[in-house]
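Take a walk through this chain, from the whole fold down to single side chains. Keep the model open while you read.

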Amino acid sequence: EVMQYIYALGGFDGERCSRDVCIFSPDAVPTTRVAKNGRQMLCARDGAASAYANGHLIAFGGHDGSTIQTSCEVFTAGAPDHGRFQTWTEIRPMSTCRMMHCATPFEDLAGPTFLVFGGQGSQTGVAGDYGTAPPRKSSTLDTAEWLDLSSGVWTAGP
C-alpha cells in the first residue's frame with residue numbers, strides 16, 4: 001500500500017532545514033503533509049537519502065543545518081486502523097556522515113537490507129546558518145555501507 005505513494009522527506013526552504021514529510025497520492029490532490037498529524041522526522045534533513053522495503057521507510061543521513069549527519073530513522077508501517085505509519089524511530093547510525101548520497105533496498109528471506117553509498121562526507125569549519133556558513137572542507141565519498149535492518153548492524157560495503 002505504501003508503494004502507491006511518493007514521499008518527500010525534509011529539504012531546505014531557503015531559511016532552514018526541514019523535518020517535514022509530504023505524501024503525494026496520484027489519486028488525490030492536494031499533496032498531504034504528514035507533519036500535520038505529528039509525523040515529522042526526528043531530525044531535520046536536507047540532502048538525505050531514503051529507501052523503502054518491507055513496510056519500512058528509512059531516512060539516511062543528510063544535513064541538519066549545521067552538520068552532515070550519520071543518524072538514521074525509520075517510519076514503520078502501522079496497523080490499518082491506526083493510520084499508514086506509527087512513528088519515526090531512531091536506528092543505529094551509519095559509520096560515515098553522508099549527504100547527497102544514494103540508498104537502495106534489497107529484500108531477501110532474512111529481511112530487508114539497505115545499501116547506502118557515495119555522497120559528500122566529513123567536513124571541517126565553523127558551524128553557521130545553513131546556506132550562509134563559511135565554506136567547509138568536505139569530501140566526495142566513494143564508499144558504501146550495508147544496513148541489516150533485522151539486526152541493526154552496519155557493515156562496510158563493496
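A disulfide is a pair of cysteine sulfur atoms within 2.5 Å. The model here is predicted. By that rule, the chain has zero disulfides. Look at C17. Its sulfur finds the closest cysteine sulfur in C43, at 8.7 Å. That is too far for a bond, because the pair would have to lie within 2.5 Å. C17 is still buried, since its relative accessibility is 9% and the limit is 20%. C72 is buried as well, at 1% relative accessibility.

Now step back to the whole chain. What are its elements? There are 13 strands and zero helices. Of the 158 residues, 41% count as buried. The accessible surface comes to about 8800 Å². Carbon and sulfur atoms account for 53% of that surface. Contacts also reach along the sequence. Among those between residues at least 6 apart, 48% join residues at least 24 apart.

Four strands form an open sheet in the order β8-β9-β12-β13, and the pairing is antiparallel. Which strands sit at the edges? They are β8, residues 102-108, and β13, residues 153-156. Each of these edge strands pairs on one side only. From one strand to the next, the twist averages 25°.

Go through the sheet pair by pair. Strand β9 covers residues 111-117 and is joined to β12 by five bridges. These two strands run antiparallel. Across this pairing, L115 stands opposite W146 in β12. Strand β12, residues 144-148, then pairs with β13 over four bridges, again in the antiparallel sense. Here L147 stands opposite W154 in β13. β12 and β13 also form a hairpin, with four residues between them. In that turn, G152 has a positive phi of about 75°. In a regular strand the side chains alternate between the two faces of the sheet.

Next come the aromatic rings. The structure holds four aromatic pairs. One of them is F75 with W88, a stacked pair. The ring centres are 4.4 Å apart, and the angle between the planes is 0°. F75 lies in strand β6, residues 72-77, and W88 in strand β7, residues 85-91, so the pair ties together parts 13 residues apart in sequence.

A second pair joins F106 and W146. Their ring centres are 5.2 Å apart and their planes meet at 55°, so the pair is tilted. This pair links distant parts of the chain, with F106 in strand β8 and W146 in strand β12, 40 residues apart. Both strands belong to the open sheet described above. F106 is partly exposed, with a relative accessible area of 39%. W146 is also partly exposed, at 27%. Recall that W146 is the residue opposite L115. Elsewhere, ring pairs link F60, F114 and W154 into a cluster.

Turn now to H56, placed in strand β5, residues 56-60. Is H56 buried or exposed? H56 counts as buried, since its relative accessibility is 19% and the limit is 20%. What does H56 touch, leaving aside its neighbours within four places in sequence? Its contacts are A51, V74, F75, T76, P112, F114 and L149. Two names on that list have already come up. F75 belongs to the stacked pair with W88, and F114 belongs to the ring cluster with F60 and W154.

Finish with a residue in a loop. E15 lies between β1, residues 6-9, and β2, residues 21-25. E15 counts as exposed, because its relative accessibility of 72% is over 50%. How far is the C-alpha atom of E15 from that of G65? The separation is 9.5 Å, although the two residues are 50 residues apart along the chain.

Terms used:
Residues are numbered from 1 along each chain as its sequence is written. This is a predicted model: local features need pLDDT of at least 70, side-chain atom pairs count only at pLDDT 80 or more; totals for chains, interfaces and linings use all residues. Side-chain values use heavy atoms; hydrogens and water are left out. Buried means under 20% relative accessible area, exposed over 50%, partly exposed in between (1.4 Å probe, protein chains only). Contact means heavy atoms within 4.5 Å. Accessible areas come from the Shrake-Rupley method with a 1.4 Å probe; for residues, only the protein chains shown count as cover. Two strands pair if DSSP finds at least two bridges between them. Axes are lines fitted to C-alpha atoms, for helices over the stretch in contact, and angles run from 0 to 180 degrees between N-to-C directions. Rings of Phe, Tyr and Trp (its six-membered ring) pair if their centres lie within 6.5 Å; planes under 30 degrees apart count as stacked, over 60 as edge-to-face and the rest as tilted.
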